[in-house]
Amino acid sequence: MCTSPALLADFVRTIKADSSKWIRKSDPCYQDFAWQEGYGAFSVSPTLIAKATQYIQHQEEHHRKRSFQEEYKLFLEAYGIQYDERYAFED
C-alpha cells in the first residue's frame, strides 16, 4: 500500500514517463504525445471495487452526459475535498 505522498508522486511519474515512451514508439502519429501536468489519486474501498471497475469500463458513456471536469468537480465536492478552480484544470 502506498501511504506516502512522495511515493505516490514517484509512482505516477514513473507510470507517465514509461507509458509516454511506449506510446511514442508504438506509432509515428503519437510522436508528440504528452500527459497533462497534474493528476488525481483516490483510494477505493474494497466493497466498492466492482462499482469503480464498472464505472471505468463505461467511462466514455458517462462523459457523453457530463464532461470529465464537471464530474471531477462533483466528486471533489461530494467528498469535501477543497480545491482552487484556477488550478484544478488547464485548458
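This dialogue covers how to read aromatic ring pairs in a predicted model.

Visitor: What should I know about the model before I start?

Guide: The model is predicted: local features need pLDDT of at least 70, side-chain atom pairs count only at pLDDT 80 or more, and totals for chains, interfaces and linings use all residues. Residues are numbered from 1 along each chain as its sequence is written, and side-chain values use heavy atoms, with hydrogens and water left out.

Visitor: How many helices and strands does the protein have?

Guide: There are 5 helices and 0 strands. Both are DSSP runs numbered from the N terminus, a helix being H or I with at least four residues and a strand E with at least two.

Visitor: What describes a pair of aromatic rings?

Guide: The distance of the centres and the angle of the planes describe it. Rings of Phe, Tyr and Trp (its six-membered ring) pair if their centres lie within 6.5 Å; planes under 30 degrees apart are stacked, over 60 edge-to-face, and the rest tilted. The count here is 5 aromatic pairs. In one of them, Phe33 and Trp35 sit 5.5 Å centre to centre with 80 degrees between the planes, an edge-to-face pair.

Visitor: Why is the pair of Phe42 and Tyr72 edge-to-face?

Guide: Their planes are at 70 degrees, with the centres 6.0 Å apart, so the pair is edge-to-face. Phe42 lies in the loop between helix H1 (5-26) and helix H2 (49-57) and Tyr72 in helix H4 (residues 68-78), so the pair ties together parts 30 residues apart in sequence.

Visitor: Which residues do ring pairs link into a cluster?

Guide: The cluster consists of Phe42, Phe68, Tyr72, Phe75 and Tyr79.
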